[in-house]
Amino acid sequence: MTSFWTPGASLVKKALKPATRKWNSTTAITATTATLNGAVNPNGAVTVAKCEYGITASYGSEVSIPLSPNNGTSLQGFATDLTSLLPATLYHARVVATN
């Protein structure tokens with residue numbers, strides 16, 4: 001899980017525990033957008049990955065992470081853009097990978 005503020009407040013970041021997914025950073029943060037960076041390892045099984053995010057730890061929004069191949073055996077990097085964020089708002093985000 002990670003948390004970050006859109007501009008107008010301080011940036012707060014918490015790293016995910018590495019498993020089959022890895023959180024690298026939140027970059028390109030503007031008042032209404034941010035880019036979430038990380039990697040997912042399908043570990044040889046067909047995997048669906050997504051970033052969940054929202055203004056509470058219940059998240060509420062999600063964006064898919066494309067994997068190619070979705071059954072690979074190594075980390076696959078991603079950069080996922082979040083848009084239409086509220087200015088000066090703390091967001092929570094996490095990477096979810098299911099296989």
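How many salt bridges does the structure hold? The count is 3, and they share partners, joining Lys50, Glu52, Glu62 and Arg94 into one network. Keep in mind as you look around that this is a predicted model, with a mean pLDDT of 81 for the chain. Let's go through confidence, then the core, then those charged pairs.

- Of the chain's residues, 80% reach a pLDDT of 70 or more.
- Strand β5, residues 61-65, is where confidence is highest, with a mean of 95.
- At the other end of the scale sits strand β1, residues 2-5, where the mean is lowest at 58.
- Watch out for residues 9-19, too: the pLDDT there is below 50. In the model, this stretch still has 21 contacts beyond near neighbours in sequence.

**The nonpolar core**

- The largest nonpolar core is made of 15 residues.
- Ile65 and Val95 have the most contacts inside this core.
- Four strands each supply at least two of the core's residues: β3 (34-40), β4 (48-54), β6 (76-82) and β7 (90-98).
- Who does Ile65 touch, leaving aside its neighbours within four places in sequence? Its contacts are Ala49, Lys50, Cys51, Phe78, Thr80 and Val95.

**The charged network**

- Side chains of opposite charge can pair when their charged atoms come close.
- Start with Lys50, which turns up in two of the pairs: a salt bridge with Glu52, at 3.4 Å between the closest N and O atoms, and another with Glu62, at 3.2 Å from N to O.
- The Glu62 pair ties together parts that are 12 residues apart in sequence, because Glu62 lies in strand β5 and Lys50 in strand β4.
- Glu52 also forms a salt bridge with Arg94, and here the closest N and O atoms are 2.7 Å apart.
- That pair links distant parts of the chain, with Arg94 in strand β7 and Glu52 in strand β4, 42 residues apart.

**Buried or exposed?**

- Glu52 counts as buried because its relative accessibility is 11%, and the cut-off for buried is under 20%.
- Lys50, at 23% relative accessibility, counts as partly exposed.
- Arg94 is partly exposed as well, with a relative accessible area of 33%.
- So the salt bridge between Arg94 and Glu52 brings together a partly exposed residue and a buried one.

Note on methods
Residues are numbered from 1 along each chain as its sequence is written. Side-chain values use heavy atoms; hydrogens and water are left out. pLDDT is the predictor's confidence in each residue, from 0 to 100. Contact means heavy atoms within 4.5 Å. A nonpolar core is a set of buried Ala, Val, Leu, Ile, Met, Phe, Trp, Tyr and Cys residues joined through side-chain atoms within 4.5 Å. Buried means under 20% relative accessible area, exposed over 50%, partly exposed in between (1.4 Å probe, protein chains only). A salt bridge is a side-chain nitrogen of Lys or Arg within 4 Å of a carboxyl oxygen of Asp or Glu.
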